[in-house]
Amino acid sequence: MEGIGGDGASVASPMPQWGHDSWRMYQYYLDKSTPHTTYRWIGTLVIVAIYCLRVYYVQGFYIVAYGLGIYLLNLLIGFLSPLVDPELEGSDGPLLPTKGSDEFKPFIRRLPEFKFWYSMTKAFCIAFVMTFFSVFDVPVFWPILLCYWIVLFVLTMRRQIGHMIKYKYIPFSIGKQKYSGKKGSASSSGSRGD
């Protein structure tokens, strides 16, 4: 009975092995793309353009586009939000500084840029594939969906910007921060020991 136990059980079948090797290769190139932010976003913009052309060309799948828009709005909120919400003061983690005398703490996103990019790109790819199946082409009056999405976007962004103003944080770093040194410090006027 060669097929039961022994050495025969340790040999992997070619199909799962091929899938595992493909996944490792995909993950390898995904990891290599991490530091190339500009090129990643250019690639995503190309995918977005292809998707938009597909929807325009077939004149349908508006419900897919609406669902995609809602998902992207959710991703954007995660990208603009701090990891630790200042409204939930009971947290033991790092909080955002609220006064000028507070220690500087960098803004840590709830959804990091790479995950934001990856989720957005994956969503557009899935939506593009969905446009090839007529089951997802539900007839809707698209101007209503567009107006509803715009209202949702404006209300959500108003709330998010109000949160940013209330807790005094900016989710983007503009240039490199420069250290100006302590003014009037006694240690800075001493000898340097050249």
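**Entry 1: Ser33**

I began with Ser33, which at 17% relative accessibility counts as buried (under 20% relative accessible area; exposed is over 50% and partly exposed lies in between, with a 1.4 Å probe and protein chains only). I note that this is a predicted model, in which local features need pLDDT of at least 70 and side-chain atom pairs count only at pLDDT 80 or more, while totals for chains, interfaces and linings use all residues. Residues are numbered from 1 along each chain as its sequence is written, and side-chain values use heavy atoms, with hydrogens and water left out.

I located Ser33 in the loop between helix 1 (14-32) and helix 2; helices here are DSSP runs of H or I with at least four residues, strands are runs of E with at least two, and both are numbered from the N terminus. I then listed the contacts of Ser33 (heavy atoms within 4.5 Å): setting aside residues up to four places away in sequence, Ser33 touches Arg40, Phe114 and Trp117.

**Entry 2: Arg40 and its partner**

I next looked up the salt bridges (a side-chain nitrogen of Lys or Arg within 4 Å of a carboxyl oxygen of Asp or Glu) and found one in the structure. It joins the side chains of Glu113 and Arg40, at 3.0 Å from N to O. The pair links distant parts of the chain, with Glu113 in helix 4 and Arg40 in helix 2, 73 residues apart. I recorded Arg40 as buried, with a relative accessible area of 6%, and Glu113 as partly exposed, at 22%.

**Entry 3: two residues of helix 4**

I placed Trp117 in helix 4 and read its relative accessible area as 9%, which is buried. Not counting residues up to four places away in sequence, Trp117 touches Leu30, Ser33, Arg40, Trp41 and Thr44.

Leaving aside neighbours within four places in sequence, I found Ala127 in contact with Tyr51, Val64 and Leu68. Ala127 and Leu68 are 59 residues apart in sequence and 7.1 Å apart in space, C-alpha to C-alpha.

**Entry 4: the largest pocket**

I read the space in the largest pocket as about 530 Å³. Of the 21 residues that line this pocket, the closest to its centre are Ala65, Tyr66, Gly69, Leu146 and Trp149. For the terms, on a 1 Å grid over the protein atoms alone, a pocket is an open set of points with protein on both sides within 12 Å along at least five of seven lines, a cavity is a set where a 1.4 Å probe fits but cannot get out, and lining residues have an atom within 4 Å of a point. Grid points are joined across faces, edges and corners, and the volume is the space filled by probe spheres set on the points.

I found that helix 2 (37-58), helix 3 (62-80), helix 4 (113-130) and helix 5 (142-167) each supply at least two lining residues. Helix 3 gives the most, with eight. By class, I recorded 19 nonpolar residues, two polar and no charged (Ala, Val, Leu, Ile, Met, Phe, Trp, Tyr, Cys and Pro are nonpolar; Asp, Glu, Lys and Arg are charged; the others, Gly among them, are polar).

**Entry 5: the whole chain**

I counted five helices and zero strands. Buried residues make up 24% of the 194 residues in the chain. Of the contacts with a separation of 6 or more, 85% come from residues 24 or more positions apart.
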